[in-house]
Amino acid sequence: MDAIKTAIRRTWRFVNTPAATLSLGFLTLGGFLGGVIFWGAFNTALEVTNTEEFCISCHEMETNVYEELTRTVHFSNRSGVRASCPDCHVPHNWTDKIARKMQASKEVWGKIFGTISTRRKFLDKRLELAQREWARLKANDSLECRNCHSSVAMDLSRQTARAAEIHTRYLLSKQATCIDCHKGIAHELPNMEGVHPGWVAPPGWHGEEPHQTSDAEALKDWLKARGKRS
């Protein structure tokens, strides 16, 4: 029995105080496995927050902007390609995605304190929220739009003459970005009184002069035209 007890004590001392090389190996392996588990859990959680189901899990989004999205060409069209919430509001590349997630974390406070918890509150804040998003897209050169829309892949010959000329003159030359002209493309516009329109004919414009309408009227005309072509 004494020999067994002695062997157990020696074994325990060996396991409890391993050699430096063995300790380093265990630490390396443990760190690697821990890193894999942490990264997998982090990435899984990140992707869960990057789904449409997560975005509309709060009624503020589901009953307001999501309902509007379902009535647009970005939601239902003849090609069957649907843009979901993260497609338009979250960049695809990892570093920009993480930056956007950190920026959007403050929306949790809005949820907690009921900033737009009712339809009336939402409408009162709508212009402020829209302008903030327009400014963000302007600052990042409409990065989320470019998740799907590439100026390099545009077939200008299949666009209207006016659209092709505007895209050539301003988009391809980087004088303007998508959000400058395409406000309200997936959601209803707020009250645009006093808001500068996305595009106006500049001095020296030789194309067909468009009828001066509000952005809301222009959006309705665009949706009507798209509906006829679909």
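1. The largest nonpolar core of this predicted model has seven residues, namely Ala130, Trp134, Leu137, Ile179, Leu189, Met192 and Val195. A nonpolar core is a set of buried Ala, Val, Leu, Ile, Met, Phe, Trp, Tyr and Cys residues joined through side-chain atoms within 4.5 Å. Buried means under 20% relative accessible area, exposed means over 50%, and partly exposed lies in between (1.4 Å probe, protein chains only). Helix H8 gives the most to this core, with three residues. A second, separate core has six residues, among them Ile56, Tyr66, Phe75 and Ala186. As general background, nonpolar side chains tend to be buried together in soluble globular proteins.

2. Residues are numbered from 1 along each chain as its sequence is written, and side-chain values use heavy atoms, with hydrogens and water left out.

3. Which residues does Trp134 touch, not counting residues up to four places away in sequence? They are Ile179, Lys183, Leu189, Pro190, Met192 and Val195. Contact here means heavy atoms within 4.5 Å.

4. The chain contains 11 helices and zero strands, and its pattern along the sequence is α-α-α-α-α-α-α-α-α-α-α. Helices (H or I, at least four residues) and strands (E, at least two) are DSSP runs, numbered from the N terminus. Of the 230 residues in the chain, 26% are buried. The accessible surface comes to about 16000 Å², and carbon and sulfur atoms account for 62% of this surface. Such areas come from the Shrake-Rupley method with a 1.4 Å probe, and for residues only the protein chains shown count as cover. Among contacts between residues at least 6 apart in sequence, 67% join residues at least 24 apart.

5. Two packed helices are described by the angle between their axes and the distance between the axes. Helix H4 (residues 59-69) packs with helix H8 (residues 119-139) at an angle of about 65 degrees, and their axes are 10 Å apart. H4 contributes Thr63, Asn64, Val65 and Glu68 to the contact, and H8 contributes Arg119, Phe122 and Arg126. These residues divide into two nonpolar, two polar and three charged. In this count, Ala, Val, Leu, Ile, Met, Phe, Trp, Tyr, Cys and Pro are nonpolar, Asp, Glu, Lys and Arg are charged, and the others, Gly among them, are polar. The axes are lines fitted to C-alpha atoms, for helices over the stretch in contact, and the angles run from 0 to 180 degrees between N-to-C directions.

6. In helix H6 (residues 94-104), the buried residues are Lys97, Ile98 and Arg100. Seen down the axis of H6, these residues fall within an arc of 160 degrees, so they line one face of the helix. The arc is that of the directions from the helix axis to the C-beta atoms. On the other side of H6, Thr95 and Met102 are exposed.

7. Not counting residues up to four places away in sequence, Arg100 touches His89, Val90, Pro91, Glu107, Glu133, Arg136 and Glu144. Arg100 and Val90 are 10 residues apart along the chain, and their C-alpha atoms are separated by 6.5 Å.

8. Helix H9 has as its buried residues Ala164, Ile166, His167, Tyr170 and Leu171. Viewed down the axis of H9, they fall within an arc of 165 degrees, so they line one face of the helix. The buried residues of H9 pack against helix H10 (178-181).

9. The loop between H8 and helix H9 (161-171) holds Asp141, and Ser142 also lies in the loop between H8 and H9. Phi of Asp141 is near 60 degrees, a positive value in a residue other than glycine. Ser142, which is not a glycine, has a positive phi of about 55 degrees. Are these residues buried or partly exposed? Asp141 is partly exposed, with a relative accessible area of 32%, whereas Ser142 is buried, with a relative accessible area of 0%.

10. Ala139 is placed in helix H8 and is exposed, with a relative accessible area of 71%. Ala139 and Thr177 are 38 residues apart along the chain, and 9.4 Å separates their C-alpha atoms.

Technical notes:
This is a predicted model: local features need pLDDT of at least 70, side-chain atom pairs count only at pLDDT 80 or more; totals for chains, interfaces and linings use all residues.
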